[in-house]
Amino acid sequence: MLPARFEYHRPETLDEALALLDQYGDDAKVLAGGMSFIPLMKLRFASPGHVVDINRIPGLSGISEDGGWLRVGALARHNEIARSDLVKARYPAMATAAPLISDPLVRNLGTIGGSLAHADPAGDWGSVVLAMGGQVVARSSAGERVVDIDDLFQTTFLTTLQPNEVITEVRVPVAQARSGGTYLKLERKVGDFATVGVAVQLGLDDGRVASAGIGLTSVGPRNIKATEAEASLAGNEPNEAAFAEAARLAAAAARPVTDLRGSVDYKRNVVEVFVRRGLARALEMARAG
Amino acid sequence: MRIDSEFTVKAPIEVVWAHLLDVERIAPCMPGAQLTEVVDDHTWKGKTNIKIGPVSLSFAGTVELHERDDSAHRVVLKAQGMEQRGKGAASASVVSYLQGVDDGTKVVMETDLSISGAVAQYGRGMILDISQRMTREFAECLESNLAGASASDVSTAQAGEGALASQAPVAPVRPVRGLRLGVWAFWRAIARFVRRLFGRKEA
Amino acid sequence: MQITVTINGTERTADVEPRLLLVHLLREVLGLTGTHVGCDTTNCGACTVLLDGVPVKSCTMFGVQADGRSITTVEGLGNGGLHPIQAAFKEEHGLQCGFCTPGMMMTGAALLEENPNPTEDEVRWAISGNICRCTGYMNIVKAIQTAGQALAHKES
């Protein structure tokens with residue numbers, strides 16, 4: 001189907017974009033990659049009166065390490081992140097996740113900022129950034145605020161962003177030695193949403209777990225941070241028993257629903273298996289690094 | 001598809017029953033729903049506008065009070081609605097009843113819902129959370145009503161925690177004589193289910 | 001609004017509604033019907049075109065987003081004759097009904113620009129956003145690999 005009519009704005013600067021959002025408020029919607037938003041518009045589930053295309057705004061797509069963070073511009077395309085030598089070398093959870101998002105054509109346009117702002121619980125980036133303990137930078141005409149990723153997501157398609165805010169940057173803590181991470185995704189076919197996705201990030205200190213992050217995709221109304229599972233690992237020996245317990249807790253934290261992709265029990269089971277596998281892989285990397 | 005929900009209010013069953021039948025007092029607790037016409041003493045027309053993030057849906061339809069049992073504190077409603085922009089149609093049968101429990105009254109709603117059209121095709125059943133949020137907001141609002149709070153206190157409570165209340169346009173409902181609990185339960189169930197269904201397909 | 005897009009090397013101007021999808025701009029306004037609408041759900045990739053050389057699903061872009069940019073459609077692949085990938089699809093029987101074929105070739109052409117000698121896995125990965133109901137993909141993969149070899153020979 002065709003989208004409903006709208007007015008199209010293509011600001012050349014961020015300030016212009018923010019002014020437009022101030023002006024049109026809730027009736028305006030930001031267009032980044034459009035790979036989630038335009039399908040919604042084509043189905044007329046979303047019909048904003050004003051579309052603010054931010055794709056021509058410069059300076060929003062870099063990937064660099066700075067001040068203790070990996071800073072990824074909100075407009076960085078999934079494929080750009082997948083191909084980044086920096087990400088491939090030092091941020092394995094992101095490097096494994098990026099090529100698994102949707103399909104190669106969608107990855108050429110879809111953006112990490114757009115994915116997080118869209119807050120689809122089936123969004124892969126949400127779980128990765130949750131596991132890595134990341135944050136987003138939200139700009140409005142009033143200034144800038146930094147939002148912890150776990151505080152960004154409220155429920156499906158709903159974030160804590162105000163109508164006049166745009167995500168400009170996604171940050172994760174800079175890579176530490178003795179750390180590893182990965183992303184596992186079960187999908188019925190390429191391009192499908194995850195049946196279940198699990199992001200894992202593990203940091204060791206003196207052989208014990210110094211930090212653990214687990215993010216879950218498609219098993220709840222939003223991407224889930226498995227905090228109890230994470231806490232069960234902190235400070236402990238990274239052994240099979242500990243991983244099994246964390247996996248069990250993560251599965252318990254999942255809130256999947258039965259649908260065409262599988263039953264509640266099936267999806268919980270996949271969470272458990274993926275968390276165990278993910279932790280094992282992350283541990284290998286951490287011990288090697 | 002079956003949706004069950006319940007909440008407990010700290011008040012005796014007869015008080016809750018009477019209160020819930022007092023439309024004017026509970027109407028402000030219902031975000032997004034609006035009554036448009038009273039057809040007769042057991043049939044009403046209404047609509048509900050739902051906006052979550054970028055998605056907005058607008059359902060309009062008819063609710064019929066099928067059964068009412070004052071001694072059992074039980075109502076059955078039948079409802080049909082159509083999405084105003086061709087997204088689909090919904091029909092539901094809602095059984096709602098009160099139960100006395102230790103510290104008050106449990107309000108139970110059992111909804112049998114079927115949805116057709118685009119809304120159903122793109123439904124992914126991931127938003128049970130929305131119905132829980134709405135139920136929680138409704139219950140909190142109701143409880144403060146029952147505690148004798150004033151109308152302004154109710155709207156304050158509503159505007160506080162409830163992200164949904166602030167996101168969804170709160171349509172002030174014109175109180176209608178003879179309206180019963182079940183209508184609100186129906187619209188809430190519809191809104192709840194429709195909120196589950198706006199997931200479009202591709203990444 | 002007025003937009004100017006370079007299509008297959010030629011500047012074209014049109015006055016369009018913002019909501020006009022890029023695929024409809026190409027097909028209905030500019031008369032280039034080689035790009036196909038297959039699914040309406042951003043799944044099938046029959047609408048694949050090159051946007052500044054990058055393969056994208058034109059059904060999930062607005063025409064106005066292409067303002068000032070360059071698009072290559074299947075009509076623009078060969079310069080008068082057949083592009084090696086078109087010749088390869090013909091030789092290797094890489095199509096049956098042909099509906100997915102323009103999209104497959106655009107994606108294939110973009111892959112070969114970057115990776116002139118892809119393995120079977122690399123081809124399959126690259127076309128994983130393009131669905132074919134007829135062929136079972138084997139000859140599509142062969143065609144793309146054959147085209148790669150042909151392009152390499154042309155250069156050497």
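How many Å separate the centres of domain 2 of chain A and domain 3 of chain A? I looked this up first, in what is a predicted model. Taken over C-alpha atoms, the separation is 19 Å.

**Entry: domains of chain A**

I noted the bounds next. The domain assignment of chain A puts domain 1 at 7–52, domain 2 at 63–173 and domain 3 at 179–288. I then listed the contact between domain 2 and domain 3 of chain A. Domain 2 of chain A brings 24 residues to this contact, and domain 3 of chain A brings 25 residues. On the domain 2 side, the elements that give two or more residues are α5 (92–97), α8 (124–131) and β8 (153–155) of chain A. The most comes from α8(A), with 6 residues. I sorted this side of domain 2 by class and got 12 nonpolar, 9 polar and 3 charged residues.

**Entry: the sheet of β11 to β14 in chain A**

I followed α8(A) to the strands under it. Helix α8(A) lies across β11, β12, β13 and β14 of chain A, and runs at about 160° to β13(A). Helix α12 (residues 264–288) of chain A also packs on the sheet. I found α12(A) touching β11, β12 and β13 of chain A, with its direction at about 35° to that of β12(A).

What is the order of the strands in this open sheet of chain A? I read β11-β12-β13-β14 for the 4 strands, with antiparallel pairing. At the edges are β11 (179–186) and β14 (224–225) of chain A, and each pairs on one side only. I checked one pair inside the sheet. Strand β12 (residues 196–205) and strand β13 (residues 208–217) of chain A run antiparallel and are joined by 9 bridges. Asp205(A) has Arg208(A) in β13(A) as its bridge partner.

**Entry: chain A against chain C**

I moved to the contact between the chains. Here 23 residues of chain A are in contact with 22 residues of chain C. On the chain A side, two or more residues each come from β1 (7–9), α2 (37–42), β3 (50–53) and α6 (104–107) of chain A. By class, this side of chain A has 14 nonpolar, 4 polar and 5 charged residues.

**Entry: domains of chain C**

I took chain C the way I took chain A. The domain assignment gives domain 1 (2–76) and domain 2 (84–155) of chain C. Their centres are 21 Å apart, taken over C-alpha atoms. The contact takes 16 residues from domain 1 of chain C and 12 residues from domain 2 of chain C. Two strands of chain C, β3 (48–51) and β4 (54–57), are the elements that give two or more residues on the domain 1 side. Strand β3(C) gives the most, with 3 residues.

How many charged residues does this side of domain 1 of chain C have? I found no charged residues there, against 8 nonpolar and 8 polar.

**Entry: the sheet and helices of chain C**

I traced the open sheet that includes β3(C). Its 5 strands stand in the order β2-β1-β5-β3-β4 (chain C), and the pairing is mixed. The edge strands, β2 (10–15) and β4 of chain C, each pair on one side only. Neighbouring strands are turned by 40° against each other on average, direction ignored. Leu50(C) stands opposite Thr72(C) in β5(C). Helix α3 (residues 101–114) of chain C lies across β3 and β4 of chain C, at about 35° to β3(C).

I also went through helix α2 (residues 84–91) of chain C. Pro84(C), Ile85(C), Gln86(C), Ala88(C) and Phe89(C) are buried in α2(C). Just after α2(C), I noted a positive phi of about 55° at His93(C).

**Entry: Ala89 of chain B**

Is Ala89(B) buried or partly exposed? I count Ala89(B) as partly exposed because it has 17 C-beta neighbours inside 10 Å, while buried needs 20 or more. Ala89(B) lies in strand β6 (residues 89–101) of chain B. Leaving out residues up to four places away in sequence, I found Ala89(B) touching Gly81(B), Met82(B), Glu83(B), Ser116(B) and Gly117(B). I also checked Phe59(B), which is 30 residues from Ala89(B) in sequence and 8.3 Å from it in space, C-alpha to C-alpha.

Key. Residues numbered from 1 in each chain as written. Chains lettered and ligands numbered in written order. Predicted model: local features only at pLDDT ≥ 70, side-chain atom pairs only at ≥ 80, totals over all residues. Domains from an automatic or database assignment. Contact = placed C-beta atoms within 7 Å. Nonpolar A, V, L, I, M, F, W, Y, C, P; charged D, E, K, R; others polar. Buried ≥ 20, exposed ≤ 12 C-beta atoms within 10 Å, placed from the backbone. Pairing = 2+ DSSP bridges. Axes fitted to C-alpha atoms, helices over the stretch in contact; angles between N-to-C directions.
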